[in-house]
Amino acid sequence: MPPQMTQPATTEITYRDAMREAIRDALHRDDRVFLMGEDVGRYGGCYGVSKGLLAEFGAERIRDTPLSESGFTGAGIGAAMAGMRPIVELMTVNFSLLALDQILNTAATVRHMSGNQFGVPLVIRMATGAGRQLAAQHSHSLEGWYAHIPGIKVLAPATVEDARGMLWTALQDPDPVLIFENVMLYGMAGRLTADAGPVDIARAAVRRPGRDISLITYGGSLWKTLEAAAVLAGENIDAEVIDLRSLRPLDDATIMTSVARTRRAVIIDEGWRSGSLSAEIGMRIVEQAFWELDAPIGRVCSAEVPIPYARHLENAAIPQVPGIVAAAKAALGRV
């Protein structure tokens, strides 16, 4: 009889719990790791990611901080330079702007300004995106701004596997890594293998192979894009869906290989269109694969307004499945 193939055991887990397991695992593996931020201890994190970790690891390693993003991000930078492996949580990307000086002018520049003598092995986590009716000051998608900055890496896990594994890899990096967690993913459930470990943060993933058009996206928009691809399949359009995973550096090779095969591309980006990550990706396609294209590159971005509070207006302001389907059909001349 041929040998029977055994499938690895899997469990269903939410994105929130996968992220918590990643932090717990990091705290067990390395005594230098600690978590620091507003409400990460007694409250359990504003989205519940660190719930229970204070009781398990104590206040030395799960540190509640004052409302001072610049202060505790700077403390994290100093701790990293002194040999620790801090994880700093900044609640939402909107609040991270209060720490932008520390991130841009210190964390991202120390290796360059010290002539490669010092690095900042710091991981910063924050929530991003809209869809929870938290209004403009809590709902923007500014990860594209951070992807503009040399000296840091910018990650956007979209699956429970990446939520579980990216932190592991990020903590091994000798330089700052920012992890953006879309607020609409925390309650999403998926299957995770029992032996899930670190993931490759340098490569994009083809989440759905296709031959007619490349749909390029990341984070919370991945699942809307996959849904749009399923709708397109019903109209005999075979869309390939690329999950960028890393926004800096971008995996140009995977993007260009896909576009060279499908000859059409639409980029789905929850940031604003002007000066967006989608603009950067579109320009790279023009620079590297212009002669492979059979149609102009399309984009589906957020409306250029502060994200509204009202549910119907919030939904109208950010990318949705019908808009992605329409953009793909336009690129294919199927309007």
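# A chat about side chains

Colleague: Is D212 buried or exposed?
Modeller: D212 is buried, with a relative accessible area of 18%. Buried means under 20% relative accessible area, exposed means over 50%, and partly exposed is in between, using a 1.4 Å probe and protein chains only.

Colleague: Before we go on, what kind of model is this?
Modeller: It's a predicted model: local features need pLDDT of at least 70, side-chain atom pairs count only at pLDDT 80 or more, and totals for chains, interfaces and linings use all residues. Residues are numbered from 1 along each chain as its sequence is written, and side-chain values use heavy atoms, with hydrogens and water left out.

Colleague: Okay, back to D212. Where is it?
Modeller: D212 is in the loop between β9 (205-208) and β10 (213-217). Helices (H or I, at least four residues) and strands (E, at least two) are DSSP runs, numbered from the N terminus.

Colleague: And which residues is D212 in contact with, leaving aside its neighbours within four places in sequence?
Modeller: You'll find N236, I237, D238, T262, R264 and L332 in contact with D212, where contact means heavy atoms within 4.5 Å. For D238, the side chain of D212 reaches the backbone nitrogen at 2.6 Å.

Colleague: New topic. How many salt bridges does a search of the whole structure find?
Modeller: The search finds 23 salt bridges. A salt bridge is a side-chain nitrogen of Lys or Arg within 4 Å of a carboxyl oxygen of Asp or Glu. One of them joins R245 and D162, with the closest N and O atoms 2.8 Å apart.

Colleague: Where do R245 and D162 lie?
Modeller: R245 is in the loop between β11 (239-243) and β12 (246-248), while D162 is in helix α8 (residues 160-171), 83 residues apart, and the pair links distant parts of the chain. R245 counts as buried at 8% relative accessibility, and D162 is buried too, with a relative accessible area of 0%. Salt bridges that share partners join D162, R207, D243 and R245 into one network.

Colleague: What about R125, which residue is its salt-bridge partner?
Modeller: R125 pairs with E181, the closest N and O atoms being 2.7 Å apart. R125 lies in strand β5 (residues 123-128) and E181 in strand β7, so the pair ties together parts that are 56 residues apart in sequence. R125 and E181 are both buried.

Colleague: And R29, which residue forms a salt bridge with that?
Modeller: D25 does, with the closest N and O atoms 2.6 Å apart. R29 and D25 both sit in helix α1 (residues 15-29), four residues apart, about one turn of the helix. R29 is partly exposed, with a relative accessible area of 35%, whereas D25 counts as buried at 17% relative accessibility.

Colleague: Which ring does the charged end of R29 sit over?
Modeller: The ring of W168, 3.9 Å from its centre. A charge sits over a ring if NZ of Lys or CZ of Arg is within 6 Å of the ring centre and within 35 degrees of the ring normal. R63 has its charged end over the ring of F34, 5.7 Å from the centre. As for D25, leaving aside its neighbours within four places in sequence, it's in contact with R164 and W168.

Colleague: Rings, then. How many aromatic pairs does a search of the whole structure find?
Modeller: The search turns up four aromatic pairs. The rings of Y47 and Y186 have centres 4.9 Å apart and planes at 20°, so the pair is stacked. Y47 lies in the loop between β2 (33-37) and α2 (53-57) and Y186 in the loop between β7 (177-182) and β8 (189-193), so the pair ties together parts that are 139 residues apart in sequence.

Colleague: What counts as a pair, and as stacked?
Modeller: Rings of Phe, Tyr and Trp (its six-membered ring) pair if their centres lie within 6.5 Å; planes under 30 degrees apart count as stacked, over 60 as edge-to-face and the rest as tilted. Y15, Y47 and Y186 form one aromatic cluster. Y47 counts as buried at 14% relative accessibility, and Y186 is buried at 2%.

Conventions
A polar contact is a pair of N or O atoms within 3.5 Å; within protein, one must be able to donate a hydrogen and the other to accept it, and residues adjacent in sequence count only if both atoms are side-chain atoms.
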